[in-house]
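Visitor: I have a model open and would like to learn how to read its features. Where do we begin?

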Amino acid sequence: MNDLRVSLIQGDTVWRDPAANRAMYAGMARPLAGRTDLVILPETFTSGFSNEAIAEAEDMHGPTVAWIRALAAELDAAVTGSVQIRDGERVYNRLLWATPDGGLRHYDKRHLFRMAGEHERYAAGRARLTVEWKGWRICPLVCYDLRFPVFCRNRFGVEAEGRFDYDLLLFVANWPAPRRHAWRTLLQARAIENLCYVAAVNRVGTDGNDIPYHGDSLVADFLGQPLADLALQPAVVTTTLTAEPLARHRERFPAQLDADRFSLID
């Protein structure tokens, strides 16, 4: 594992205007070309967290998928964030993972936020996604997934022989300001309990439903200590994750040896 440069892009997503959002986020990302390995955008970065945006959901051949693949190539970095995607008869809150070589993978948000009726409009995903990038194993998840530690759980020797499921746990979100204490607390807890780095991007501003967002995008190390901590303004920050301290911590504090084995059953 080499060092991994991770860039958080915390923006004020324009309400239900995909073209404006693609232009805004591309403008924020372009100075990162050749200077980062991974760019993280917020949840539903083309629309904001709107149930009504389901009517404008694109498919996998639409302009946003083409855009994120082109941006990854332009930046020579992986780019990720979630959008509403229509797949057959269903619409998913789908995290896209694009790489500079044209590769594209995705994860469909499993835990739908029922307090806003997301579960009534969108289809839930099932399986977790793990990607390998620059020698790192990375697990990207979406917003409300953060509250479910069993689904987030890092295991040893299960997905990869002799390795943890992942080294970096990643979240993209639209997490409202009134619950910011929970956001920060849970992110740090996920890092500590899973012996991993955590990177998380939230939006800022006020959306079309008059819900405010405080940002609080951050990168935390395996002890839960913030390495990058954004405030409430649009911002771009790049943090370098180093593999050696993570390996040393896992060696001197091998909690994975005492972890409970389990299976998720729907």
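Guide: Begin with β1 (residues 4-10) and strand β2 (residues 38-40), which pair in the parallel sense over three bridges. Strands pair if DSSP finds at least two bridges between them. Valine 6 stands opposite leucine 38 in β2. From β1 the chain passes through helix α1 (residues 18-29) to β2, a β-α-β crossover that is right-handed. Right-handed means that, with the strands pointing away from the viewer, the path from the first strand over the helix to the second runs clockwise. Helices (H or I, at least four residues) and strands (E, at least two) are DSSP runs, numbered from the N terminus.

Visitor: What should I know about the model itself?

Guide: The model is predicted: local features need pLDDT of at least 70, side-chain atom pairs count only at pLDDT 80 or more, and totals for chains, interfaces and linings use all residues. Residues are numbered from 1 along each chain as its sequence is written, and side-chain values use heavy atoms, with hydrogens and water left out.

Visitor: Which strand pairs with β1 in the antiparallel sense?

Guide: Strand β14 (residues 235-241) does, over seven bridges. Here leucine 8 stands opposite valine 237.

Visitor: Why is β1 described as largely enclosed by the rest of the structure?

Guide: Buried means under 20% relative accessible area, exposed over 50%, and partly exposed in between (1.4 Å probe, protein chains only). Six of the seven residues of β1 are buried, so the strand is largely enclosed.

Visitor: How do I read the sides of a helix?

Guide: An α-helix has 3.6 residues a turn, so residues three or four places apart point the same way. In helix α6 (residues 243-252), the buried residues are Ala243, Leu246, His249 and Arg250. They fall within an arc of 130° seen down the helix axis, so they line one face; the arc is that of the directions from the axis to the C-beta atoms. Glu244, Glu251 and Arg252 are exposed on the other side of α6.

Visitor: Which strands do the buried residues of α6 pack against?

Guide: They pack against β7 (136-142), β9 (197-201) and β14, where contact means heavy atoms within 4.5 Å.

Visitor: Where does a hairpin show a positive phi?

Guide: Strands β12 (residues 218-220) and β13 (residues 226-229) run antiparallel and are joined by three bridges. Their hairpin has five residues between the strands, and glycine 224 takes a positive phi near 85°. Alanine 220 stands opposite proline 226.

Visitor: How many helices and strands does the protein chain have?

Guide: The chain has six helices and 14 strands, and 54% of its 266 residues are buried.
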